[in-house]
Amino acid sequence: MTISSNLKKISSQIEAAALSAGRDVSDIRLVAVSKTKPASMVDEAVRAGQSIFGENYVQEFIAKAAEVTSAVEWHFIGHLQSNKVKYIAGIATMIHSVDRLSLAQEIDRQWGRIGKVCTILIQVNVSGESTKSGTTSEEAVMLVRQVALLQNIRICGLMTMPPFFDDPEAARPFFRELRVLAQEIELLAIPGVSIKELSMGMSGDFEAAIAEGATLVRIGSAIFGSR
Ligand SMILES: *Cc1c(COP(=O)(O)O)cnc(C)c1O
């Protein structure tokens, strides 16, 4: 299978999942997760029409971003250490993995230095698994309120990674929980906060995530092959 045919297959699966959920397919964007894969594969995906790419590791990300010359939109989706934020300022257009105030403060500082606003998602650990990053559902509202006060950050949604299941349907309650939490936060009408994006669903479970309202699906291995 080529990257181009994988992308075609995934977009028709996204379309079918949107249709059966009664959703508009244009409300769902594909983030092609290119971690561990070379810039040449990103270029190949760009030629096939893909424009948003997700990366997890700062060093690898900045090297690849320098190599890819097409105008792509980079999303940072991995665990982020505060001391590395400075390297990705202005390169990442969205950070999906903001899970603590200290990280948000550093993003605010670094984006402030370049005179830009960083669009972010709050990562929520809905399952409560100790091995997963993310704020708890209980703490999420407080974190949103605190981050909302920062000048150079705009919160536009939530992200989650459910536990791994062989059966993707088993992940659905976690996707649903993220959607319900997003609705609860929207109802609070916190100034400057708009929870429109739900980043959830990967290669194995994106259709279930779309059924529960995903607006950003992060798909790696189904596009670029196993890692
Ligand atoms: C690697 C990764 C993905 C993509 O996973 P696949 O199973 O390869 O589709 C999505 N989200 C995050 C946060 C990841 O680290």
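## Ser199 and its polar contact

In this predicted model, the side chains of Ser199 and Arg218 form a polar contact at 2.9 Å. Ser199 belongs to strand 7, which covers residues 197-199.

Is Ser199 buried or exposed? The cut-off for buried is a relative accessible area under 20%. Ser199 has a relative accessibility of 0%, so this residue counts as buried.

Leaving aside residues up to four places away in sequence, Ser199 touches His96, Leu121, Leu158, Met159, Thr160, Leu178, Leu216 and Arg218. Ile77 lies 122 residues from Ser199 along the chain, and the C-alpha atoms of these two residues are 9.6 Å apart.

Strand 4 consists of residues 92-98. Of its seven residues, six are buried, and therefore the strand is largely enclosed by the rest of the structure. His96, one of the residues that Ser199 touches, falls within the range of strand 4.

Which strands are joined to strand 4 by bridges? One is strand 3, made of residues 73-76, which runs parallel to strand 4 and is joined to it by three bridges. Within this pairing, His75 has Met94 of strand 4 as its bridge partner. Another is strand 5, residues 118-123, which is also parallel to strand 4 and joined to it by three bridges. Here Met94 stands opposite Thr119 of strand 5.

Helix 5 spans residues 101-113. Together with strand 4 and strand 5, helix 5 makes a β-α-β unit, and the unit is right-handed.

## The ligand and its surroundings

Which residues surround the ligand? They are Val33, Lys35, Asn56, Ile77, Met161, Met202, Ser203, Arg218, Ile219, Gly220, Ser221 and Arg227.

For Ser203 the distance is 2.5 Å. For Asn56 the distance is 2.7 Å, and for Arg227 the value is 2.7 Å. Taken alone, the ligand exposes 380 Å², and the protein buries 90% of that area.

Definitions and conventions: Residues are numbered from 1 along each chain as its sequence is written. This is a predicted model: local features need pLDDT of at least 70, side-chain atom pairs count only at pLDDT 80 or more; totals for chains, interfaces and linings use all residues. Side-chain values use heavy atoms; hydrogens and water are left out. Buried means under 20% relative accessible area, exposed over 50%, partly exposed in between (1.4 Å probe, protein chains only). Helices (H or I, at least four residues) and strands (E, at least two) are DSSP runs, numbered from the N terminus. Two strands pair if DSSP finds at least two bridges between them. A crossover is right-handed if, with the strands pointing away from the viewer, the path from the first strand over the helix to the second runs clockwise. A residue is near a molecule or strand if one of its heavy atoms lies within 4 Å of it. A polar contact is a pair of N or O atoms within 3.5 Å; within protein, one must be able to donate a hydrogen and the other to accept it, and residues adjacent in sequence count only if both atoms are side-chain atoms. Accessible areas come from the Shrake-Rupley method with a 1.4 Å probe; for residues, only the protein chains shown count as cover. Contact means heavy atoms within 4.5 Å.
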